[in-house]
Amino acid sequence: MTLQTFSLRTLPAALALAAACATHAQAIELTALPGVVASANACYLNANCTPGTAWAAANVIDGVDDDLTGNHSWSAGTWAGAGAPQWVRLDFDSTYQLEVAELRFTYNGPAYAGYFNNYEFRTSLDGVSWDVAASGSLIDSADAALRNNTWTWTAGSGPVARYVEYRVVSGSHWAALGEMRVLGEVAAVPEPGTTAMLLAGLAAVGLLTRRRLTQD
């Protein structure tokens with residue numbers, strides 16, 4: 001698997017994402033698909049993380065950068081620490097092979113400059129077992145190079161997942177995220193007949209091996 005991260009220090013965030021999208025022109029914008037479900041383990045002033053309210057999980061896929069009202073971003077309302085991660089996750093309701101993942105933080109002004117979230121970007125097929133696909137830090141800053149991360153995988157090499165998760169594991173800032181944008185392609189799934197033939201072939205090989213061992 002080849003994993004790349006764009007240097008937003010040399011390209012404005014918009015140009016970096018445009019470059020990623022141009023490279024993956026056939027990819028689907030998964031976070032814009034109907035039926036994507038966002039959830040979080042905690043939402044600030046919003047015990048049920050109700051969609052359409054401030055700091056809700058669903059705000060990270062509304063396509064709008066936050067204006068400091070919380071209406072377009074997620075916040076857990078607390079810090080993440082050892083044994084107490086804070087997370088927001090998406091369920092695409094189908095399996096895709098990822099190609100681009102963009103994470104955007106919100107600049108909260110000079111008073112919070114330098115505050116940060118250390119995160120893992122995780123993927124899962126079943127919502128139970130998770131793999132870390134990327135990790136990094138998002139820093140509260142006027143500099144988009146510090147505030148935003150874009151991860152890309154070459155076509156056909158990215159993680160295959162139904163679920164993705166932005167998981168804050170530590171940091172000086174409350175766990176938060178402005179926007180998450182994920183691109184990918186429908187994952188190739190073997191036809192039932194192909195799978196059955198493969199299993200039958202493996203069984204035959206096993207039987208022949210057993211017979212040879214018995215004859216020897």
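Leaving aside its neighbours within four places in sequence, with which residues is Q97 in contact?

1. The contacts of Q97. Apart from neighbours within four places in sequence, Q97 is in contact with G156, S157, G158, P159, V160, G184, E185 and A187, where contact means heavy atoms within 4.5 Å. Q97 is found in strand β5, residues 86-104, and a polar atom of its side chain lies 3.0 Å from the backbone oxygen of G158.

2. Basis of the note. This is a predicted model, in which local features need pLDDT of at least 70 and side-chain atom pairs count only at pLDDT 80 or more, while totals for chains, interfaces and linings use all residues. Residues are numbered from 1 along each chain as its sequence is written, and side-chain values use heavy atoms, with hydrogens and water left out.

3. Overall make-up. The secondary structure of the protein chain comes to three helices and eleven strands, these being DSSP runs numbered from the N terminus, with helices (H or I) of at least four residues and strands (E) of at least two. Along the sequence the pattern is β-α-β-β-β-β-β-β-α-β-β-β-β-α. Of the 216 residues in the protein chain, 42% are buried; buried means under 20% relative accessible area, exposed over 50%, and partly exposed in between, with a 1.4 Å probe and protein chains only. Among contacts in the protein chain with a separation of 6 or more, 75% are between residues 24 or more positions apart.

4. Aromatic pairs. Rings of Phe, Tyr and Trp (its six-membered ring) pair if their centres lie within 6.5 Å, and planes under 30 degrees apart count as stacked, over 60 as edge-to-face and the rest as tilted. By this rule the count comes to nine aromatic pairs. The ring centres of W74 and Y166 are 6.4 Å apart and their planes stand at 90 degrees, so this pair is edge-to-face. Because W74 lies in strand β4 (residues 74-75) and Y166 in strand β9 (residues 160-171), the pair ties together parts that are 92 residues apart in sequence. Both W74 and Y166 are buried. Y112 and Y115 also form an edge-to-face pair, 5.8 Å centre to centre with 70 degrees between the planes, but here Y112 is partly exposed at 41% relative accessibility and Y115 is partly exposed at 36%.

5. The surroundings of S73. S73 is placed in the loop between β3 (37-40) and β4, and at 4% relative accessibility S73 counts as buried. A polar contact of 3.4 Å joins the side chains of S73 and D66; such a contact is a pair of N or O atoms within 3.5 Å, and within protein one must be able to donate a hydrogen and the other to accept it, residues adjacent in sequence counting only if both atoms are side-chain atoms. Leaving aside neighbours within four places in sequence, the residues in contact with S73 include W55, A56, N59 and L177.

6. The largest pocket. Its volume is about 350 Å³, taken as the space filled by probe spheres set on grid points joined across faces, edges and corners. A pocket is an open set of points on a 1 Å grid over the protein atoms alone, where a 1.4 Å probe fits, with protein on both sides within 12 Å along at least five of seven lines, and lining residues have an atom within 4 Å of a point. The largest pocket is lined by 19 residues, of which W55, S75, N108, H173 and W174 lie nearest its centre.
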